[in-house]
Amino acid sequence: MNGAIPLIDAQAALGFVIAQASIIEPGIYRSVYPDVQYRSLVPVDTSGSEFATSVTYFSQDQYGKADWINGNSDDIPKAGTTRSKFETPVYTAGIGYGYGWEEIGRAQMLGINLSTEDASAARRASEEMVDRVALVGDATKGFTGLFNATGVTPVAAPTGNWTTATPDQIVGDMNQSLLNVFNGTNTASIADRLLLPWSRYLLIATRKMSDNSDMTILQWFLANNVYTVQTGQLLTVRGQRGLDAAGVGGVPRLVAYRYDPNVLKLHMPMPHRFLPAWQSGPLRWDIPGVMRLGGLDVRLPKEVVYLDGI
């Protein structure tokens, strides 16, 4: 029929989609998602075999104390180490995108690029899943996250509800969370990260330290907290969604910890990637996306503190 638009050839369409994907993917992977925060909160380990079924690691502690002895004694105090073996399973997850027959035909006819929106949505969905697993875990796989890690025992905030507390009491609670790590590790470590529920972060960021001061509680604490005073380094204090009801009984939870892969680590042996395009149906061409992800390992639970009820 004169003027009819010819049917697109399936193989030609597949070649067109493959060529388009090679243009789209580099740009998608360069995208930054500011509200996906796991990479700035926990160390991510992408080493190891991409198809390993689990990641095995050991947690080690030491014991022993030198003491006075008799010069002829044969009962020498001994030091040693204890090692515990842990295994984190690794699972496959997927999210991809695709194009329909009309969309591909229109792009070919007009000589334009295929839309990148679906690819961007797939990539973002993969990052959101990793963010969720890293922070709160996934009960279906037995994972816990940074906000609810197995092995970390929550403690009640000394002051309690910050909405009725004085600025000095609030500062005392935050410093106590840093010191809980310090004391729990026999002064070997001190927390360098402090995560607060958004409601409490907003409170300390807007409330004055005193009637005679122009500094907010947050400004004063950043300059005078025990970590900064001890090390000379700036303490990281962040407001985080998901903490307003993370404590036992649904109360607000503060999280203090030392950012170090020896303390905690998220296993992602296969970061998200798009696989080659394929024709999934008579009028559909898809680009699958896959990743392999383990849970968050808190290897040194004494270096993570939960303060509930702030």
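Colleague: Which residue in β15 does Tyr-257 stand opposite?
Modeller: Glad to start there: this is a predicted model, in which local features need pLDDT of at least 70, side-chain atom pairs count only at pLDDT 80 or more, and totals for chains, interfaces and linings use all residues. Residues are numbered from 1 along each chain as its sequence is written, while side-chain values use heavy atoms, with hydrogens and water left out. Five bridges join strand β8 (residues 253-257) to β15, and the two run antiparallel; strands here are DSSP runs (E, at least two residues), helices being H or I runs of at least four, numbered from the N terminus. In β15, the residue opposite Tyr-257 is Val-304.

Colleague: In what order do the strands of the five-stranded open sheet come?
Modeller: Two strands pair if DSSP finds at least two bridges between them. In this sheet the pairing is mixed, and the order is β5-β15-β8-β6-β7.

Colleague: Which strands stand at the edges of that sheet?
Modeller: Look for strands with a single partner strand, so that one side of each is left without a neighbour in the sheet. That applies to β5 (155-156) and β7 (236-240).

Colleague: Which residue in β15 is the bridge partner of Ala-156?
Modeller: β5 and strand β15 (residues 304-308) pair in the parallel sense over two bridges. One of these pairings puts Val-155 opposite Leu-307. For Ala-156, the partner in β15 is Asp-308.

Colleague: How many of the residues of β15 are buried?
Modeller: Buried means under 20% relative accessible area, exposed over 50%, and partly exposed in between (1.4 Å probe, protein chains only). In β15, Val-304, Tyr-306 and Asp-308 are buried on one side, with Val-305 and Leu-307 buried on the other. The strand is largely enclosed by the rest of the structure, because its buried residues number five of the five.

Colleague: What is the relative accessible area of Ala-256?
Modeller: Ala-256 is found in strand β8. Leaving aside neighbours within four places in sequence, Ala-256 is in contact (heavy atoms within 4.5 Å) with Ser-177, Val-181, Ala-191, Arg-193, Leu-194, Glu-303, Val-304 and Val-305. Ala-256 is buried, and its relative accessible area is 0%.

Colleague: What distance separates the C-alpha atoms of Ala-256 and Ile-104?
Modeller: These two residues are 152 apart along the chain. Ile-104 lies in α3, among the residues that meet α1. From C-alpha to C-alpha, Ala-256 and Ile-104 are separated by 51 Å.

Colleague: At what angle do α1 and α3 pack?
Modeller: Axes are lines fitted to C-alpha atoms, for helices over the stretch in contact, and angles run from 0 to 180 degrees between N-to-C directions. Helix α1 (residues 10-30) and helix α3 (residues 101-110) have their axes 11 Å apart. They are therefore roughly perpendicular (65 to 115 degrees; under 35 is roughly parallel, over 145 roughly antiparallel, and the rest oblique). The angle is about 80°.

Colleague: Which strands are the edge strands of the three-stranded sheet?
Modeller: This open sheet has the order β1-β9-β14, with mixed pairing. An edge strand pairs on one side only, as do β1 (44-45) and β14 (296-298).

Colleague: Which residue in β14 does Lys-265 stand opposite?
Modeller: β1 and strand β9 (residues 264-267) pair in the parallel sense over two bridges, with Asp-45 opposite His-267 and Val-44 partnered by Leu-266. Both faces of β9 are covered, with Lys-265 and His-267 buried on one side and Leu-264 and Leu-266 on the other. β9 and β14 pair in the antiparallel sense over three bridges. Lys-265 stands opposite Asp-297.
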